[in-house]
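Thanks for coming. I will go through one structure today, starting with a ligand site and then moving on to helix packing and some backbone details.

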Amino acid sequence: MGARLLLRWMVDQAKVKAFVADCRRHVAGELRDDLYTRVLYSTDASLYQVMPHAVVIPRTIEDVIAAVALAAEYGLPVLPRGAGTSLAGQAVNEALIIDFTRHLDAIVEINPDERWVRVQPGVVVDDLNASLRPHSLQFGPDPASSDRSTVGGMVANNATGSHSLLYGMTADHVQAMEVVLADGSRLALPPSANPTGGNIRVVTGIKELIADSANRQIIREGTPHYWRRCGGYNLDRLMTSDTPNLAQLVCGSEGTLAVMTEITLGLVPRPAHTGLALVHFDDLPTALAAVPAMLETQPAAVELIDHLSLTLCRDVLAYARLLASVVDGHPYCLLVVEFQGDDEAAVADGIQQLEERLRRGRLGASHVTRALTPEAQRAVWGVRKAGLGLLMSMKGDVKPVPFIEDAAVPVAHLSTYVSQIEAYCAELGTPVTYYAHAGAGCLHIRPLINRRRAAEVARLPDIARFAAGLVHGYGGAISSEHGDGRARSWLNESFYGPQLYDLFRQVKRIFDPQNRLNPGIIVEAASMTEAMRALPEAPDESRVWFGDYERIDGQILRIAKQGNTHSQSTTAGPGGSNPASSAPASGFVRAVEMCNGAGVCRRLTTGTMCPSFMVTRDEEHSTRGRANALRAALSGVLPAAELTSPRMAATMDLCISCKACKAECPSAVDMARLKSAFLVRYYAVHGVPLRARFFGHAATLNRLGSGRMAPATNAVLRSRLGRRLAARVLGLAPERPLPLLAREPFAAWWGRRSSAPALPDGEAVMLLIDPFTNYNHPEVGIAAVEFLTAVGVAVVAALCADDGRALISKGLMGAARRTAAQVVDALTPAAEQGLLIVGLEPSGLLTLRDEYFHLLPDDPRVALVAGQARTFEEYVDELAARLDLLPYFNAVPRRVLLHGHCHQKALVGTGPARRALSLPPGYTVEEVDSGCCGMAGSFGYEAEHYAISMQMGERRLLPAVRAAATGTIIAAAGVSCREQIAQGSGRTALHPAQILRDALRQDFRG
Ligand SMILES: Cc1cc2nc3c(=O)[nH]c(=O)nc-3n(C[C@H](O)[C@H](O)[C@H](O)COP(=O)(O)OP(=O)(O)OC[C@H]3O[C@@H](n4cnc5c(N)ncnc54)[C@H](O)[C@@H]3O)c2cc1C
Ligand code: SF4
Ligand code: SF4
């Protein structure tokens, strides 16, 4: 770095410091300028990475005004931000970021009669729609990211989605807004008839610009006529009325004109009935050529699920199941065509018209299937939404890269446009992927690029220019929903022409004369290859996770010890060297890189991922935040020593290893495993804490304390002194009683069973008894034996062993590996005999099917054992398919409220548990969409985690349990879940084995 640049950087730093100090005095919300926070906000879902100066998390609109005004005083740029799911790079900048998502997400007023709603910008779109549901209304545009993206982000991107044919763009529904201008002054849009004060400059400036007839001519001629468009500034929208609504100009302005603080949106009725036709095609050009004719039948949406998405979906069990239920055979691609209507007949009529049109036009469809039930439609949309994530989950360096994916052309040209892009990219040797909104002429085309190869990166601008040229020729738009950002703003001058581009510049100057709001976006952009996201050094083709520790730990330790200063400096600053040049290269790197920033882990109301974000709503405690922090340390954005720093440990701390991300993140980022890998490295530098050893080796301790010693141990555990000691020495929460130990562990009960049956010809299984069942809750194991025996299944053996789950969660991988080896040794003979191995604790049993492959990568017996391993519920479900179990049950009707264990949900789903619990006649099972119970093994017992653990439970599970009628059976297979339910609600939850045993007819009970 030259001396002048260095000097400027130092001045900037001083300015930021002074600003931060001043801002803290004026803002009630949080202001963070630490390196980690800046790293966490330096990425979005795009290719780009830019370090912000600081992040403010305002509590009130007054905070926003104060922060913007102060930033203006100090000459600092400002970037308002929602969920950071933008794909073009407009949600990152060297600026003060204002994060609206944490506190400014209120739904201020709903007016169902006039069909409008007034909201703060941070409200998540799906949450808004949930509040509108009782009024049978909704916000129309529906981006695929609606479960975490905010209204502010949608308006600023002028987003839309699958139903754009019906609802158009977000701007079509924006009626009014309150904004803060770059100098901190407020403005209501549309303005009052006679605006006063400083803001009159903006209002009259834009009005004059629009009134000029030459300008009107430029706008008319330069603006693409295609309706699906969000690039540039919406000047054309101001020309349709004598009283232009300036709010329309802020729509799609990507945070560059004003900071929105309140938005009024028009609403549309929720469709009464919908149905889908899945039109199967044997090739893509035929499918695309059929779209214009399909549109004649007035569908609500026509979406493409392309070949690659279908293939990838078939590889993911959950999606493969969804697909199988709605797709016939193996089509090359599908067009999903939605019809809406006031009743089912209207929907059926629409589909019939489509089928007739396809037949009449000989449009080449091989087949049409229908998805008419809500479940079937959810399955189809689930696959469609998963498409992008699955594409992004492609392993290796070659990834589908978003930069031309947002172009839209009139549908008549779509097939030709796509063929031309494909041919151009083929010439360059670059394959492409496709998905999405075929009916609206916006096919998301993503070339597959290896960003580690400079030559391939150099192709990006050429491909972008070529695509823009085609789109221009067809009268389409280069940005049709994701915005311009860094990926497309650089093309704006050539795409819109110098005259219209100059008007864009004038708009920017009128609103933001000092260029303070999200600078470099839409106008005055840098090259598209600038500020690309830092990548870790090229990783080896490592297929293992834990097996590579020895190889890489020494290297990491060396780096850590060389510079383990945890300093606040960053290599992104001047003269910073890149410690990543010596960073580890392994499966760990690849696994971290799987996170593409799409932000599904920021969902708040559905699913389980990510419990810590759901409670804290803090980016740092999302899966994305953790992956970003790790990537930064691997790629040199953070010093490499941070890979083992206490600050990184704090980022990992609230990850409860629930594995929800492994199942729910479309890229299957497995943070639980990454955390274990991190802990190994961390302990190597800082030592293993006593508490980790205590919980990791709980099985051994429980063995020593149970049986004859149980009365004494329990007395100590429950005594005041014992609890105080546990709190002081181990840092356990005094509010949490530790589970009591059994006087007669399961192993002892099993040992004194008089007649273990000999190996029979019929059904026989081996039980795997985990330490909790053995030492704390033998009644669960006994119930399982009694149930299985009663229905004619011989339990020929019961292995009471530590499965290593607790060791893995605590990052004690050496001990976990040894334990895994012992378990595999012990189980292999049974597995070789073909015996099924049935486990009661989902997390323990599923460890055999998941982690053991990584713990013992070279042991072929793992696959054999894993292939025979079943959870109790899976086994009963399978058994019920072979045997009629009905005669064994009594006929007393009961309601069952089922809470699934996180690992169970992540790895096998709760379907088997639901089906198993529904076996007794008259049993109705309702599942709580409970997320994580919050106990998560030892997490909830730890003093500093107690409160957050309870908050996790209180989100959905505990209220649902409390609300369950007396007499409802609460079912939970996980021991921690049952403990959390007992402590948090006072209700007793039972293991499914106990429930099924209790449902047996009296004459079958032993
Ligand atoms: C997997 C995936 C699928 C997607 N699918 C779609 C899709 O189908 N359709 C679609 O349109 N988009 C889609 N997107 C892009 C993106 O999710 C949406 O455009 C979304 O609306 C952005 O919302 P956000 O809250 O994440 O905004 P952010 O990304 O945080 O911000 C977006 C822009 O809004 C500005 N902004 C945010 N708040 C304010 C404010 N208060 N005042 C002024 N400016 C503000 C920011 O400065 C930024 O320029 C997708 C993204 C992903 C990752
Ligand atoms: S962790 Fe998964 S869901 Fe979250 S941002 Fe990364 S890829 Fe998306
Ligand atoms: S394992 Fe659970 S807590 Fe950890 S990042 Fe994944 S979803 Fe979040």
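Let me start at ligand 1, where one of its oxygen atoms sits 3.0 Å from a polar backbone atom of glutamate 254. Before going further, please keep in mind that this is a predicted model.

Threonine 85 places a polar side-chain atom 2.5 Å from an oxygen atom of ligand 1. For serine 86, the distance from a polar side-chain atom to an oxygen atom of ligand 1 is 2.7 Å. How much of the accessible area of ligand 1 does the protein cover? On its own, ligand 1 has 970 Å² of accessible area, and the protein covers 97% of that.

Which elements give two or more residues to the shell around ligand 1? They are β3, residues 78-81, then α5, residues 151-157, and β10, residues 259-266. Of these, α5 gives the most, with five residues. In total, 38 residues surround ligand 1, and the closest are Pro80, Thr85, Ser86, Ser145 and Thr160. Sorted by class, that shell has 18 nonpolar, 16 polar and four charged residues.

Asparagine 158, in the loop between α5 and α6, has a positive phi of about 50°, although it is not a glycine. Helix α6 covers residues 164-167.

Next, ligand 3. It has 13 residues around it, and those that come nearest are Cys610, Arg626, Cys655, Cys658 and Cys661. Three helices each supply at least two residues of this shell: α23 at 623-635, α25 at 660-664 and α26 at 671-686. By class, the shell around ligand 3 has nine nonpolar, two polar and two charged residues.

Cysteine 610 comes up again in the backbone. The peptide bond from methionine 609 to cysteine 610 is cis, and omega is near -10°. Cysteine 610 itself lies in the loop between α21, residues 587-593, and α22, residues 611-616.

There is also a cis peptide bond between leucine 189 and proline 190, with omega about 0°. Where is proline 190? Its place is in the loop between β9, residues 186-189, and α7, residues 200-211.

Last, a pair of helices. The axes of α10, residues 284-295, and α15, residues 414-428, come within 8 Å and cross at roughly 150°. Angles over 145 degrees count as roughly antiparallel, so α10 is roughly antiparallel to α15. On the α10 side, the contact is made by Leu284, Pro285, Leu288 and Ala289. On the α15 side, Leu414, Ser415 and Val418 make the contact. What classes of residue are in this contact? It has six nonpolar residues, one polar residue and no charged ones.

That is what I have, and I can go back to any of these places on the screen.

Conventions
Residues are numbered from 1 along each chain as its sequence is written. Chains are lettered from A and ligands numbered from 1 in the order in which they are written. This is a predicted model: local features need pLDDT of at least 70, side-chain atom pairs count only at pLDDT 80 or more; totals for chains, interfaces and linings use all residues. Side-chain values use heavy atoms; hydrogens and water are left out. A residue is near a molecule or strand if one of its heavy atoms lies within 4 Å of it. A polar contact is a pair of N or O atoms within 3.5 Å; within protein, one must be able to donate a hydrogen and the other to accept it, and residues adjacent in sequence count only if both atoms are side-chain atoms. Accessible areas come from the Shrake-Rupley method with a 1.4 Å probe; for residues, only the protein chains shown count as cover. Helices (H or I, at least four residues) and strands (E, at least two) are DSSP runs, numbered from the N terminus. Ala, Val, Leu, Ile, Met, Phe, Trp, Tyr, Cys and Pro count as nonpolar, Asp, Glu, Lys and Arg as charged, and the others, Gly among them, as polar. Axes are lines fitted to C-alpha atoms, for helices over the stretch in contact, and angles run from 0 to 180 degrees between N-to-C directions. Angles under 35 degrees count as roughly parallel, over 145 as roughly antiparallel, 65 to 115 as roughly perpendicular and the rest as oblique. Contact means heavy atoms within 4.5 Å.
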